[in-house]
Each structure stands twice: as structure tokens, then as C-alpha cells.
Amino acid sequence: MPITLSETAAKEIKSIIQDQQLPEEKTRLRVGVKGGGCSGFSYMLDLVEEDRGESDEEMDSHGVKILCDMKSYLYLNGTEIDFKDEVMGRGFVFKNPNATSSCGCGSSFTA
Amino acid sequence: MLSFTKKTDYALIALAYLAQRGGAVSSAREIAEAHQLPLALLMKILKGLHHQGVVQSARGTHGGYKLKADLQLLSLYDLLCMLEPDQFASRARRLETPLLALHYKLIRFLGDVKLSDLVLPGRRIDVPLEAVRICEPRKVQNEPEERTGDLSAAGVL
């Protein structure tokens, strides 16, 4: 199952791309997980000017091109990334069906 | 002036753990081991939260705690009042303006922060906007370099 963005998240990413004057056609949202955090892994989001690599999955969600390396994809497939702008701050929420436990700091999970 | 202690930190971690487990019971030891927390302090915190009705306890060999309160109805201010009552009672009377005004502004803010938004997966922020990196185009056989490191340094925020 693909990784998707909510409409709000896609809108925010497009807004960042515009604000940063990044080339729209070349810019991809790289989504991944990295080791560390009190519960094993943490999520990461990068805006990159890269084409799909051999070990990447590529998806399109609401007009935003997403890249994810195969290793991260094992943990992230089926995830919807949402965006919140609330009292607690502004940022991206990962609704990951594969996460089985998370830590209280909110930035890492195990699967 | 307001400050958060380890008690608050550990309480939030414990609530997040219990929230993730749904209706399942988790022992204090299990939570402490999962997150490398001091067991004695955690037990004291959970006992306090049980007394306040935030969690409920189950006795026995497989005993422990599970969530009782609806975290959407509790704010961070509510939790702090349970854990650090001195912060919001006697200290406020000793403050003078302008700190007193700031103190109450902070209390208002803390009252707007729901516990569900801090600890529930799918509700809490996993990647703050400031942590989204903008990477330079990949050079041949080199790793991508960060342009500025993050959006805050780039002047977006």
C-alpha cells in the first residue's frame, strides 16, 4: 500500500517548495525512518532534488512526488502523513498502521 | 515561574505507552523497562494518576494500569496541577508583574494543550515543521548536503 499525504499535508509541502523557490518538477519529498529515539525508530522528511534511485519506491499523492527507500518502506507502507497547525505547534503527523508501540516523546516508534 | 520536571515527562511517557496499548493492562515495570525510566518514581507517578482517576489499576500476577480518563478532555495544565500543585498555587502569589502576567498567559496556553495531542499516535506531531530538511541536489557519488539544515534556519519560520 502506498504512502499518502493528506490534502493539508500536500498543500503545506507545496507551500514550502514555493517559499523556498525549489524547482517544482524536480523536487521530491523523501520520507524515511532512521534508527534512534527511545522506541527504536523515528520518522524523517526531507525535500530533495533527486530522481528515483534503484532502491526507492516512488509515489504521487495530491501532486507531491514521494520517494521512500525500500528499507523504510517496509515500516511505512500504508502510512498517511497529515499536517497539523494547532496550539502544540505546526508539523506532520504519521498515521502508520505498522507502528505497534511509540514513545512518549512522540518522535519514535517500533514496528 | 513554571518549569517542567521529570515527573511530568515520565507521566506523559507512561500515558503514551498506555494509550498505544488500548485497553490492555501494562505494569509499571513494563513501562519503565521499555523507556528506561526509574521504576520507583514511575510507580509513584502512576499511583498518583490512579488516585486522580486518569488511570485505573488491576491487581494480581498480571496486574498493572490502563487508561481510564479521556485524554481529549484533559489538558497539560490539568496534568501539571495533579503532578506539580505547588507550581500553580503558592508560587503565583509570590510573583510580581510582569512575571505574574506571563505566568497566567502560560497557564492559559497549557490549558489549551490537550493530552491527546501530546501522546496519541495519529494526533501528536511526529515531525515538526522546523525538522523538515531541505537537501542540496545530490552530487555524483556524494551524499546530499543540507542547504540550511532545517526550515527555521532557512528563515521560513
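Two strands are taken to pair if DSSP finds at least two bridges between them; strands (E, at least two residues) and helices (H or I, at least four) are DSSP runs, numbered from the N terminus. The model is predicted, so that local features need pLDDT of at least 70 and side-chain atom pairs count only at pLDDT 80 or more, while totals for chains, interfaces and linings use all residues. Residues are numbered from 1 along each chain as its sequence is written, chains are lettered from A and ligands numbered from 1 in the order in which they are written, and side-chain values use heavy atoms, with hydrogens and water left out.

In chain A, a hairpin of two residues connects strand 6 of chain A with strand 7 of chain A. Strand 6 (residues 80–86) and strand 7 (residues 89–95) of chain A are antiparallel and joined by seven bridges, with A:Asp82 partnered by A:Val93 in strand 7. Strand 7 of chain A also pairs with strand 3 (residues 127–128) of chain B, antiparallel and over two bridges; here A:Phe92 lies opposite B:Val127.

In chain B, helix 1 (residues 6–21) packs against helix 4 (residues 76–83) at an angle of about 120 degrees, the axes being 10 Å apart. Axes are lines fitted to C-alpha atoms, for helices over the stretch in contact, and angles run from 0 to 180 degrees between N-to-C directions. Helix 1 and helix 4 of chain B are therefore oblique (angles under 35 degrees count as roughly parallel, over 145 as roughly antiparallel, 65 to 115 as roughly perpendicular and the rest as oblique).
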